[in-house]
Amino acid sequence: MRTVFDPSDFSAGRFYRLLTATIVPRPIAWVSTMSADGIANVAPYSFFTVTSTSPPVVQFTSVGRKDSLRNIEETGEFVVNVASVPLMDQVNASSAPFAHDIDEFAAVGLEAEASERVRPPRVAQSPASIECTLHRVIEVGDSFVVMGDVVTVTVRPEVLADDDAPDFALLAPASRLGRIEWGLTPAVRNIARPTT
């Protein structure tokens with residue numbers, strides 16, 4: 001016997017809480033943008049994944065129209081920074097509803113660092129960043145799926161493994177769970193893919 005939850009029987013907020021407590025853990029896109037006026041913004045989005053690998057495209061979803069989305073639509077650029085466990089408090093602080101004219105890097109005590117290929121800065125303390133140009137925005141219900149063409153990825157040398165990809169334990173990504181819960185970097189088990 002299971003408890004059945006029909007979306008039509010619940011408010012959008014109640015069903016949001018159910019979905020986000022069920023679809024766990026969720027990686028965090030810590031998105032940095034810059035307004036057309038040059039004001040830096042950084043905010044976390046826990047609906048985040050890879051869209052395509054060839055060409056490389058990543059996506060995050062903004063529930064509602066927020067500063068990050070407006071900045072991306074204005075400038076066509078953004079950076080996804082890895083939200084690592086040591087930075088969890090600052091990641092959480094950057095989710096506050098700051099006014100549009102506030103530099104959120106300064107507001108939450110982050111160092112902004114020049115990106116390689118796009119105008120918005122990356123988070124200097126983040127172990128890795130994905131620089132993007134806008135591919136497209138798709139409106140879905142009350143949300144906006146933001147897809148970005150990956151123009152470069154930068155990784156701090158100390159988190160790279162011998163195969164030149166990030167070592168998961170050293171990257172130490174945080175994740176979002178339900179309610180106000182956050183996930184710490186979990187234990188890893190290696191399982192080879194089947195050949196047939």
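**Close-up views of a predicted model**

**View 1. Surroundings of Gln59.** Apart from residues within four places in sequence, Gln59 has contacts (heavy atoms within 4.5 Å) with Phe47, Phe48, Thr49, Thr51, Val145, Val146 and Met147. Gln59 belongs to strand E5, residues 56-63; helices (H or I, at least four residues) and strands (E, at least two) are DSSP runs, numbered from the N terminus. Between the side chains of Gln59 and Thr51 there is a polar contact of 2.8 Å. A polar contact is a pair of N or O atoms within 3.5 Å; within protein, one must be able to donate a hydrogen and the other to accept it, and residues adjacent in sequence count only if both atoms are side-chain atoms. This is a predicted model, in which local features need pLDDT of at least 70 and side-chain atom pairs count only at pLDDT 80 or more, while totals for chains, interfaces and linings use all residues. Residues are numbered from 1 along each chain as its sequence is written, and side-chain values use heavy atoms, with hydrogens and water left out.

**View 2. Asp149 in strand E10.** Strand E10 (residues 143-155) contains Asp149. Asp149 counts as partly exposed because its relative accessibility is 23%; buried means under 20% relative accessible area, exposed over 50%, and partly exposed in between (1.4 Å probe, protein chains only). Its contacts, leaving aside neighbours within four places in sequence, are Pro56, Val57, Glu131, Cys132, Thr133, Leu134 and His135.

**View 3. Thr20 in helix H1.** Thr20 sits in helix H1, residues 12-22. Thr20 is classed as buried because its relative accessibility is 5%. Beyond four places in sequence, Thr20 touches Arg26, Phe47, Leu177 and Gly178.

**View 4. The largest nonpolar core.** A nonpolar core is a set of buried Ala, Val, Leu, Ile, Met, Phe, Trp, Tyr and Cys residues joined through side-chain atoms within 4.5 Å. The largest has 13 residues, of which Val31, Phe60, Ile72, Phe78 and Val146 touch the most other members. Two or more residues each come from strand E2 (29-34), strand E3 (40-45), E5, helix H2 (67-75), strand E6 (77-82) and E10. A second, separate core has 11 residues, among them Ile28, Val91, Val108 and Val123.

**View 5. A sheet of 3 strands.** This open sheet runs in the order E1-E11-E12, with antiparallel pairing; two strands pair if DSSP finds at least two bridges between them. Strand E1 (26-27) and strand E12 (182-183) are the edge strands, each pairing on one side only. Ser175 stands opposite Gly183 in E12.
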